[in-house]
Amino acid sequence: MANEILFAFFNAAAFGMAIFLVAAGLTLIFGLLRLLNMAQGGFFMIGAYTAYSVMGRDVQSLGMFLLAALAGGVVVAVLGLVTDRLVLRRLRHVDPHYVLIATFALMMVCTGVTKLVWGVDFFSVNPPPGLDQPLNPFGLFFSAYQIFVIGAGLVIYVLLEIAIHRMWFGKLMQALAADPWMSGVLGLNVSFGVALSVMASFMLAGLAGGLLLPNQSLSTGLGDSYLMYAFFAVIIGGLGNIRGAFIGSLVLGLVQSLNTVLLPQVPGLAVYVVLAIFLLCRPSGLFPAVGSQDAGHHEAGSGGSLHRPQVPRRVWQALGTALVLLLATLPWWVGAGPLYVVGTVLIQVVFALSWNILFGYTGLVSFGHAGFFAIGAYLTALALRHVAGVPFLLVMGGAALLGAAAAWLVGVLALRRMSGVFLAVLTVALAEALRLVIGFSAFLGREDGITDIPRPVLDLLLLRVDLGSSNAYYLFLLATCVLITGALWWLLHSRFGRTLQTIRQDPERAAFMGTPVASYRLAAFVISGAVAAVAGCLYAPWSRIVTVEEVHWLASAQPMLNTLLGGVSSFWGPVVGAGLFAAIAYATRTLVGLSELIVGCGLLAIILLAPNGAVGLWRSLEARLWGERARTPAPPEPHSQAAPRAAGQPLRAGGTP
């Protein structure tokens with residue numbers, strides 16, 4: 001028993017130090033720039049691939065291994081400097097939610113570049129000589145490489161502690177982080193100091209990629225798992241605190257190790273459960289840094305004032321009706337492939353609209369919205385597979401109620417305690433916990449999911465409509481999406497929607513005026529979860545397969561991308577964004593690596609150049625056009641209609657004032 005406990009603590013230390021190697025750079029850049037860099041996992045991956053290119057599969061010596069890891073760190077440091085010049089410096093005074101999404105776009109760019117340069121094959125690297133043999137102290141077998149990882153984590157932690165808290169360079173960085181303007185007044189070179197700190201942060205990411213390369217297979221998804229755990233460690237330890245990130249990493253390692261021993265049926269679940277409990281009890285972390293509370297509770301900034309359309313509403317209504325009629329004719333003149341894509345876009349429209357209820361109208365952000373989508377999808381799949389003749393409208397109602405109940409439970413526990421980044425992390429943790437439960441559940445199909453989902457028969461009392469064919473279900477899908485979109489438009493343009501916008505603009509003033517802010521936020525969260533579950537319900541019979549990929553945290557990024565691409569300042573932004581995103585993805589579907597690269601660069605361009613999205617860009621062009629027409633001077637009025645001359649006003653030539 002003692003040997004098992006000792007071995008569990010050893011595994012906890014090894015796993016925790018691996019997390020800390022990635023979390024160190026993440027917390028360093030937040031401590032200086034207050035930026036939560038979700039692209040850290042992507043640059044970690046580039047560092048690993050760079051080290052692989054230097055050392056190859058079989059490393060000749062420990063020195064070569066360290067040199068290759070250092071080369072990965074240097075390459076990523078240079079990329080970090082370029083990224084800071086082009087992107088990060090433009091995000092330092094932007095809403096934190098946009099920063100998260102912009103750095104997520106950077107991660108997509110990193111993935112696309114990696115696929116273009118190194119391909120999509122899997123690679124494996126053996127530990128260097130001296131670290132490839134187990135050690136046998138006290139009769140126990142320990143991996144020499146894991147001992148090396150523990151030592152590397154401790155060395156980097158000690159060096160960072162000394163550099164930040166004991167050396168002049170660290171004191172300088174702390175001054176720049178506390179007040180860059182005053183630091184500049186005192187004669188410090190702020191831009192140079194920031195550039196060095198950013199390079200140090202990125203270098204840590206690249207160095208970690210090289211050092212951890214023998215830990216698992218090298219693939220284009222390498223950075224995802226490490227990023228999530230590093231993100232969690234930073235949240236637990238306290239944003240921007242190196243000591244907190246170190247302790248948070250050890251806590252996660254210990255929880256993971258105990259999970260493996262005590263609950264081997266669902267490995268990894270305990271990490272998300274502990275994180276959720278920790279966020280609910282102490283969202284600011286063990287060692288909250290100065291400014292971390294602001295980052296966590298910062299509400300989404302204004303998405304723009306209400307727009308008065310310059311083009312008459314009748315024109316837009318006519319165009320919308322024509323578009324719906326055109327979509328209704330698709331089954332008769334397009335193939336099955338394009339029809340499936342259009343049907344999926346309709347579902348993504350509903351999903352994106354549900355997310356925009358939170359972000360665009362209420363100022364809340366959810367990074368785990370795919371969890372509600374999966375609840376509706378799996379409920380529908382189970383009902384259609386195992387309950388013969390079940391009314392599909394009843395299934396849709398059940399999905400909406402179950403999604404609303406799950407959202408209510410999360411909202412009651414979380415919304416009064418946290419918002420901003422902490423709420424986003426909590427939602428993604430809960431969604432990932434749901435993904436693990438589904439992945440290890442035989443009843444839900446494990447990793448294979450639920451397949452061969454039958455399409456329903458719609459029972460309308462006096463009429464039964466068979467939706468078994470793709471054309472019939474597509475028409476039902478189109479009609480349902482139009483009805484849901486219309487209902488949401490009415491709701492969000494009613495008094496309820498206007499109140500949500502007031503809360504988004506200034507929650508403190510809204511509360512001072514007597515608005516029950518917490519109740520409205522909870523109501524918006526419940527409605528958003530219900531609509532997302534209905535979108536999942538519509539998706540299950542359309543795709544006829546539901547897997548755990550529908551719950552992955554990357555799936556939660558889809559409604560965010562659609563909404564930002566279209567524009568959060570408009571109800572129709574998610575609709576436009578879903579169409580544009582689908583068109584880009586469909587056009588680049590055969591281009592390995594280019595799809596992620598194009599989408600990531602496009603999303604970055606929107607955040608940096610047109611943060612209000614495609615709809616916002618159209619509105620600005622429309623307003624500029626109509627503004628120029630309004631500034632066109634009107635013809636002079638006849639003399640008989642001229643205004644009377646004011647007393648003392650001189651006469652112009654010809655006797656007119």
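How many cavities of 30 Å³ or more does the count come to? The count comes to 4. Please keep in mind as you look around that this is a predicted model.

**Enclosed spaces**

Let's start with the largest cavity, which has a volume of about 70 Å³. Its lining consists of Met38, Leu227, Met228, Phe231, Phe367, Ala424, Val425, Val428 and Trp553. Two elements, α9 (222-237) and α17 (420-439), each give two or more residues to this lining. By class, the lining of the largest cavity has 9 nonpolar residues, with no polar and no charged ones.

The second largest cavity holds about 40 Å³ of space. Around it you will find Met38, Phe104, Phe367, Trp553, Ala557 and Met560. Met38, Phe367 and Trp553 therefore line both of these cavities, since a lining residue is one with an atom within 4 Å of a cavity point. The lining of the second largest cavity divides into 6 nonpolar, no polar and no charged residues.

Elements giving two or more residues to the lining are α4 (96-118), α14 (336-362), α15 (370-386), α22 (557-566), α23 (573-587) and α24 (594-609). Of these, α14 gives the most, with 6 residues.

Helix α15 has 17 residues and spans 24 Å from its first C-alpha to its last, close to the expected 24 Å. It is mostly covered, as 14 of its 17 residues are buried.

**Salt bridges**

Side chains of opposite charge can pair when their charged atoms come close. In this model the count comes to 3 salt bridges.

| Salt bridge | N to O distance |
|---|---|
| Glu161 and Arg243 | 3.0 Å |
| Arg435 and Glu432 | 2.9 Å |
| Arg509 and Asp506 | 3.9 Å |

Glu161 and Arg243 form a salt bridge that links distant parts of the chain, with Glu161 in helix α5 (residues 144-165) and Arg243 in helix α10 (residues 242-262), 82 residues apart. Glu161 counts as buried because its relative accessible area is 13%, whereas Arg243 is partly exposed at 38%.

Arg435 and Glu432 both sit in helix α17, 3 residues apart, about one turn of the helix. Glu432 is buried, with a relative accessible area of 2%.

In the remaining pair, Arg509 is exposed because its relative accessibility is 58%, and Asp506 is partly exposed at 27%.

Key: Residues are numbered from 1 along each chain as its sequence is written. This is a predicted model: local features need pLDDT of at least 70, side-chain atom pairs count only at pLDDT 80 or more; totals for chains, interfaces and linings use all residues. Side-chain values use heavy atoms; hydrogens and water are left out. On a 1 Å grid over the protein atoms alone, a cavity is a set of points where a 1.4 Å probe fits but cannot get out, and a pocket is an open set with protein on both sides within 12 Å along at least five of seven lines; lining residues have an atom within 4 Å of a point. Grid points are joined across faces, edges and corners, and a volume is the space filled by probe spheres set on the points. Helices (H or I, at least four residues) and strands (E, at least two) are DSSP runs, numbered from the N terminus. Ala, Val, Leu, Ile, Met, Phe, Trp, Tyr, Cys and Pro count as nonpolar, Asp, Glu, Lys and Arg as charged, and the others, Gly among them, as polar. The expected span of a helix is 1.5 Å times one less than its number of residues. Buried means under 20% relative accessible area, exposed over 50%, partly exposed in between (1.4 Å probe, protein chains only). A salt bridge is a side-chain nitrogen of Lys or Arg within 4 Å of a carboxyl oxygen of Asp or Glu.
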